[in-house]
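Hi,

Here is the structure I promised to pass on. Have a look at it first, then read my notes below.

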Amino acid sequence: MASTCIQIIEGNPHLRSLLSWHLQQAGYRVNQSADMLRAKETFQTAQPNLVIMETDLSDGSGLELCHWLQQRGRPLIMILSAKSGEPDVVAGLQAGADDYLKKPFGMQEFLARVEALTRRNRKITAPVSLTYGDLNIDLVQRRVRFKEQFIDLTPQEFSLIYVLTQAEGSPLSRADLLRRAWPDAIDNPRTVDTHVLSLRKKIEADPRQPSVIQTVRNVGYRLNIERLHTNNGHHPVGVGPVSAIKAVG
């Protein structure tokens, strides 16, 4: 149990603190978030095994967040909600929740449900793949599929595109990319430009006018997440017949 990490997403600070305290007393590691924006940031960093969340968040729908979580590792999800109607419960479960606990609830029942969920999946592992629209990253075999085509990437290129996806569309400086993608590399930010150029040739329809890996002036680069979710019918440049080609050294 000590290795199980739980993220609580709850707008009520008193309830959030109370749940966190009881879970910590039970031996779990706990992270707290008050809204959807902070929840996404915390999830990317902590990679929790179980997410406990309410459905009515100040900056978005909890059901929408459920769908977002399903694309990023499929953690166990427990919904806490004052909406107790059957349609609400069904909607929560269909959105990806593993359990639905109606408010108000007793602490003993809450802890028992948490234990049941974590017991169901004791051998929880890290996500094996990440999917962003047309882009799929296999973290186990270290290979990338773009628009249903497997792309031949070097280890450096694989690390680069993985770090860009983790930024969720936010721009990263060359120094940040260098530090995150190749922490043991020579401290030369221009190395990033070389690998970006090579990567663009493999996934951009027109590398001279990149739409997937964008340059952010005076900052660095960002992955255009919105573009990945738009099926424009183009195929990546330099990709031949479909074949599983790993990133090799």
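**What I found**

The chain has nine helices and 14 strands; both are DSSP runs numbered from the N terminus, with at least four residues of H or I for a helix and at least two of E for a strand. Keep in mind that this is a predicted model, where local features need pLDDT of at least 70 and side-chain atom pairs count only at pLDDT 80 or more, while totals for chains, interfaces and linings use all residues. Residues are numbered from 1 along each chain as its sequence is written, and side-chain values use heavy atoms, with hydrogens and water left out.

Of the 249 residues in the chain, 43% are buried (buried is under 20% relative accessible area, exposed is over 50%, and partly exposed is in between, with a 1.4 Å probe and protein chains only). If you take the contacts between residues at least 6 apart in sequence, 59% of them join residues at least 24 apart (a contact means heavy atoms within 4.5 Å).

**The sheet**

Find the open sheet of four strands, which runs E8-E9-E10-E11 with antiparallel pairing (strands pair if DSSP finds at least two bridges between them). Which strands stand at the edges? They are E8 (129–132) and E11 (149–151), and each has a single partner strand, so one side of each is left without a neighbour in the sheet. From one strand to the next, the twist averages 20 degrees.

E8 and E9 (residues 135–138) pair over four bridges in the antiparallel sense, and they form a hairpin with two residues between them. In that turn, Gly133 has a positive phi of about 60 degrees. E9 also pairs with E10 over four bridges, again antiparallel.

Now zoom in on Asn136, which is in E9. Is Asn136 buried or exposed? Asn136 has a relative accessible area of 13%, so it counts as buried. The bridge partners of Asn136 are Thr131 and, in E10, Arg145. Leaving aside neighbours within four places in sequence, Asn136 is in contact with Ser129, Leu130, Thr131, Arg143, Val144 and Arg145. Both faces of E9 are covered: Asn136 and Asp138 are buried on one side, and Leu135 and Ile137 on the other.

**Two helices packed together**

H6 (residues 155–166) and H7 (residues 174–181) pack with their axes 9 Å apart, at an angle of about 115 degrees (axes are lines fitted to C-alpha atoms, for helices over the stretch in contact, and angles run from 0 to 180 degrees between N-to-C directions). Ser159, Leu160, Val163 and Leu164 in H6 meet Leu177, Arg180 and Ala181 in H7.

**Around H2**

In H2 (residues 36–46), the buried residues include Met36, Ala39 and Phe43. At the start of H2, a side-chain oxygen of Asp35 comes within 3.4 Å of the backbone nitrogen of Leu37.

After H2 comes Gln47, with a positive phi near 50 degrees. Gln47 sits in the loop between H2 and E3 (50–54), and its relative accessibility is 30%, so Gln47 counts as partly exposed.

Enjoy exploring!

Key. A polar contact is a pair of N or O atoms within 3.5 Å; within protein, one must be able to donate a hydrogen and the other to accept it, and residues adjacent in sequence count only if both atoms are side-chain atoms.
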